[in-house]
Every structure is written in structure tokens, then in C-alpha cells.
Amino acid sequence: MAEQVGFIGLGIMGSLQAMNLAKAGYELTVFNRTREKAEAWVGEHGGTVADSPRAVAEASDVVITMVVDGDQVTEMIEAALPGARERTLFVDMSTIAPGTARALDERVRGEGHAFVDAPVTGSSPKARAGTLTIMCGGAPEDVERARPLFEVMGEKIVVCGEAGQGQAVKVISQAITAVNCATLAQGLLVARQVGVDVEKLLETMDGGSSDSTMRALRGKPKLEHDFSPLFKLAHMLKDVQLCLAEARTAGGTFPFAGLAAELYGAGMGRGLGEQDFAAVLEVVEGLAGARL
């Protein structure tokens, strides 16, 4: 491959995205806060474990970050910058505040490099399959430079505008997802309370106007209270809060997202943060004093 690629962050999503890049022939230089994870990843997929973000940048033309939040992204990029090669492209695929992405763009460009924010959606099954949706913000030439990598990791690449706009699209989309998941939980519980065969409700929804990805991915698991994490509740709460903050800054409102934030926040209080965000069902059950 023409460009050397570094990857920082090998969590649930990042490890799978990096896996697909390795399968496509990229020999990655990787860094993870927990070194054992990086060593295990390299043992399975090849590449090199770096001792620091700076070492990743020293070995790479493109540095991808996929970590938990804006503070971690900023920390990783700041640590990498001193080792960056000339005209390094920094690509952040985490979900962070649009304002943070804009600040990072300014910071990176000030050092003579390039920046693209490229958050993803699709959860771990699509990360594994390389079929994520990727929302890009940045200068057109920088997005095009990153496109070959995006095409390995995703099947839908949406160019959203200048830096920060990929993140803005992502957090609004996530808030809608959170509302949908909580609404499905409420609907299923009400169905149970009034004596409806809940599986028949899910069957009826399939392909109809009330259908959604939430029904397809989380409908039956909710019936079984299976909250194995495809996307953690704690991360969903963070994304909804980012959306609400962006809306407030613009003078907008999103009251349904505000209610979702209350429900997912209560889920954190119940110790559900590491479970899938479908565990919001347990909050709904607690409010109703009933169980699905």
C-alpha cells in the first residue's frame, strides 16, 4: 500500500475496523492504552505494536484514532503530533463533540498537517463485515485521500461538509437511534401489560411503517433480556448528551432526546453502562413496575 497507516484504539469497534484494514493488505502500526490488547491484535492480524501515539505517528502517513471521547482523542493526537511526518493525515473515527473536532482541525492544520472527522455508525456486526456508514467532515482533498481506507471499513461514505460536520451528523443520528430504542422498549412493555403476544407485535412491525433497525437488532434480544453489548449504554448516553449540547449552542431544542438522556442516565445509575444500550428496557420496566 502507498501510505503507511497507524491505528490508535483497539476497542470493540476499532479492533474490527483495523482488522479489515489488515485484511486489505495494510501493515498497521497500532497503539492501545492496554498494551496486551494491542499485542493480541498484532498476534492475530500482523503489524507492529507502538509504545506511544508518537511512535505511531513516526511510522505512519495516516493516523486513525478510534477511542472513547473527545478528551482521549485530543490526548492521543497531542501525543502523536511531535512525531508526525510531513503532511500527516489525522483521521478521527471516534464520536466526539463537533466543536472538539473543529478545534482539532485547527490545531492539526496549524502544525502543517490535515484532519478529517469520520465517525461511524453500524455497531460491531457491521464493523466486522466492513459495512459501516462513515460520515466525513473535512477539506475535500483530505476526505479523498482517506477514501481508500474508508472503502475498506464501510459501505456508505457520506461527505457531510467541513470539519466537524461529520460529528454533527453522527450525534444527531445517534440521538434519534436512542429515542427509537427507548420507544421500542416502552411499546413492547405496554404490549405485555395489555396481554398482547409480543412476538406477534414484532412480526407485525417487520416491514411496516413502525419497523426500524431497533426492531430487527434489539427486538427479540429484549424479550430475552439479552443485553450483550453491541454498543454500550454509557457510550450512547455520551452521544445523546453531545447532540443536546450542540442543539443548545445553536439555539435548537430536541425534547425527545432530552427524555432519552434521562432514561439512559438512569440506566447508568442502575449499573447498566457496560451493557448494550437496549438495557434501557430495564429502566422502563422500573418506571412501570412491570417486566417484559
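A residue is called buried here when its relative accessible area is under 20%, exposed when that area is over 50%, and partly exposed in between, with a 1.4 Å probe and protein chains only. This is a predicted model, in which local features need pLDDT of at least 70 and side-chain atom pairs count only at pLDDT 80 or more, while totals for chains, interfaces and linings use all residues. Residues are numbered from 1 along each chain as its sequence is written, and side-chain values use heavy atoms, with hydrogens and water left out.

Strand β5 covers residues 89-92, and from this strand L89 and V91 point one way whereas F90 and D92 point the other way, all of them being buried. Strands, like helices, are DSSP runs numbered from the N terminus, a strand (E) having at least two residues and a helix (H or I) at least four. Two strands are said to pair if DSSP finds at least two bridges between them, and β5 pairs in the parallel sense with strand β4 (residues 62-65) over four bridges. Within that pairing, V62 has L89 of β5 as its bridge partner.

Strand β8 (residues 132-137) has six of its six residues buried, so this strand is largely enclosed by the rest of the structure. Its side chains divide into L132, I134 and C136 on one side, with T133, M135 and G137 pointing the other way. Strand β7 (residues 120-121) pairs with β8 in the antiparallel sense over two bridges, and V120 has I134 of β8 as its bridge partner. With strand β9 (residues 154-161), β8 pairs in the parallel sense over six bridges, where the bridge partner of L132 is G154.

The surface can be read through its patches, which are made of residues with over 30% relative accessible area and no salt bridge, like charges being joined within 9 Å and nonpolar side chains (Val, Leu, Ile, Met, Phe, Trp, Tyr) within 5 Å. A salt bridge is a side-chain nitrogen of Lys or Arg within 4 Å of a carboxyl oxygen of Asp or Glu. V190, V194 and V196 make a nonpolar surface patch of about 250 Å², and V190, which is in helix α8 (residues 165-193), counts as partly exposed at 46% relative accessibility.

How values were computed: Accessible areas come from the Shrake-Rupley method with a 1.4 Å probe; for residues, only the protein chains shown count as cover.
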